[in-house]
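Here is a colleague's note to read alongside the structure. Please keep the sequence and the model open, and look up each residue as the points come to it.

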Amino acid sequence: MIKIGVITTPYSLGRIKKIEPMIREQCELIFIPYRKISEIKELYEHYQPFCDGFVCSGELGYKILSKNTAHFPTPTFYLDIPEGDFYKHLFTISNANKDLNFSRVFIDFISEENGFMGLNKVLKEEEFPYTHDLEFLEDIYERTFQKHLTLWQQGKTDLSITRMSNVVGRLEESGIPHIFMFPSIESILEQMKQIINEVQLARLMDNQLAIGIITIEGQETMSDLDFKQILLHKALMEYNDQYKILSVIQKKHDCFEIITSYGELKELTNQFTQCSVLEYLNKTLSFNTYIGWGSGSSLYQAKTSAENANKEAQLHGISCTFVITDNEEIVGPLGEEHCIQITNTVEPQLEQLSEKLEISTLQIKKIMAVISKNMTDELTADELAFHLKITLRQANRILNKLEEKGIAKISHKKQEKLRGRPKKVYKLNFL
């Protein structure tokens with residue numbers, strides 16, 4: 001049975017516990033209460049070995065964790081207030097307070113970031129409540145309470161609506177009329193069922209096969225190749241003695257094949273960011289090795305993806321690692337600044353674009369991935385060459401072709417050194 005850790009404040013704990021009997025046959029809930037925001041990350045890391053997934057009782061806990069974690073090592077979610085729940089609450093409040101003017105209400109969990117929960121489409125500007133900029137920092141409870149208090153003391157509000165249970169006690173102490181808004185039991189149950197399904201799916205994926213193909217650089221004589229393969233085999237065995245993460249290591253004619261699981265692959269590549277196997281081999285061996293990882297629901301799919309990933313690694317000419325996931329995403333080279341992530345599937349529109357531009361679909365996807373990674377549609381030939389690991393001449397040829405076809409145009413030129421020609425900066429638009 002899967003175990004889900006529930007990171008929550010003591011005030012919200014009782015509300016979530018109500019659904020425990022309803023999902024007892026599907027999962028075990030482990031309740032992890034916190035009082036201070038500073039405790040969240042430590043509690044998360046402490047319970048991680050014992051939980052298959054986590055759910056935070058609100059967006060705050062999730063956002064605090066995501067600030068410290070680029071990729072969640074364990075599936076992690078939070079309970080949201082659906083718009084249906086939100087408007088039911090507002091209707092109940094309005095019905096119980098016939099004379100309430102919402103322009104004299106402070107709602108501390110709606111902002112431009114969440115589209116004001118659609119309230120800006122319902123109320124006129126002069127009817128709109130006070131709202132809050134949601135900066136998820138460790139002093140958020142204090143800042144939020146102080147805004148409630150200031151608005152109340154200035155006579156600007158008649159009611160405070162909060163999503164932060166740790167603020168409720170201070171609102172009571174200050175005599176500020178308030179309502180704590182929390183998802184309904186029905187929506188908590190619905191969200192938990194979806195979370196359970198996601199965790200079960202992640203668990204199945206972690207148990208899928210993953211295969212690694214490791215090859216050695218260059219054309220070698222048989223004696224040189226045999227000697228290097230002996231050294232490589234020894235290094236792989238030593239790595240596995242230390243980390244105990246590779247299930248099977250098999251020597252083939254011209255490569256080594258590693259069998260492991262998708263979950264272990266995520267661990268040894270730190271969520272597809274760097275490859276600990278390659279790092280160990282680089283420290284141990286004096287020659288280049290190329291690693292390709294592949295995963296899939298079948299041995300054939302995993303092996304094919306691993307072989308294709310290894311070919312990508314070999315094209316780079318230096319020791320590196322590429323991964324092709326079960327949904328055909330290519331990630332690599334891991335651990336390097338020019339690491340990019342592209343999908344391996346080819347859409348009809350991309351095929352048409354490839355024919356029009358006379359550039360391979362893979363090259364187009366790589367260029368799009370570089371644009372996405374850099375968060376700008378402007379590139380120089382140097383930048384393109386660096387990220388695609390191609391020569392400057394090849395990069396210039398690609399950009400010139402894109403300019404001829406109307407996909408790229410020179411935006412401006414920049415002079416990076418006192419001497420030499422200024423570099424052309426191209427603005428690209430594939431739409």
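Is I188 buried or exposed? The first point takes up this question, after a word on the source. This is a predicted model, in which local features need pLDDT of at least 70 and side-chain atom pairs count only at pLDDT 80 or more, while totals for chains, interfaces and linings use all residues. Residues are numbered from 1 along each chain as its sequence is written, and side-chain values use heavy atoms, with hydrogens and water left out.

1. I188 is buried, with a relative accessible area of 0%, where buried means under 20% relative accessible area, exposed means over 50% and partly exposed lies in between, using a 1.4 Å probe and protein chains only. I188 belongs to helix α8, residues 185–206; helices here are DSSP runs of H or I with at least four residues, strands are runs of E with at least two, and both are numbered from the N terminus. Leaving aside residues up to four places away in sequence, I188 touches R15, I19, L79, F182 and P183, contact being heavy atoms within 4.5 Å.

2. The C-alpha atoms of I188 and I398 are separated by 52 Å, and the two residues are 210 residues apart along the chain. I398 is one of the buried residues of α16, together with A395, L399 and L402.

3. Helix α16 runs over residues 392–404, and its 13 residues reach 18 Å from the first C-alpha to the last, close to the 18 Å expected at 1.5 Å a residue, where the expected span is 1.5 Å times one less than the number of residues. Among the elements that cover its buried residues are α13, α14 and α15, as well as β16 and β17. Just after α16, G406 takes a positive phi of about 85 degrees.

4. Helices α6 (residues 140–153) and α7 (residues 165–173) pack at an angle of about 40 degrees, with their axes 10 Å apart. The contact is made by Y141, E142, F145, Q146 and H148 of α6 and by N166, V167, R170 and L171 of α7. The axes are lines fitted to C-alpha atoms, for helices over the stretch in contact, and angles run from 0 to 180 degrees between N-to-C directions.

5. In α7, the residues S165, V167, V168 and L171 are buried. Seen down the axis of α7, its buried residues fall within an arc of 130 degrees, so they line one face of the helix. They pack against α1, α6, β6 and β7, and just after α7 comes G175, with a positive phi of about 70 degrees.

6. Some backbone details in loops also deserve a look. The peptide bond from G332 to P333 is cis, with omega near -10 degrees, and P333 is found in the loop between β13 and β14. F116 has a positive phi near 55 degrees although F116 is a residue other than glycine; F116 sits in the loop between β5 and α6 and is buried, with a relative accessible area of 18%. N270, in the loop between α10 and α11, has a positive phi near 50 degrees and is partly exposed, at 45% relative accessible area.

Conventions. Arc of directions from axis to C-beta.
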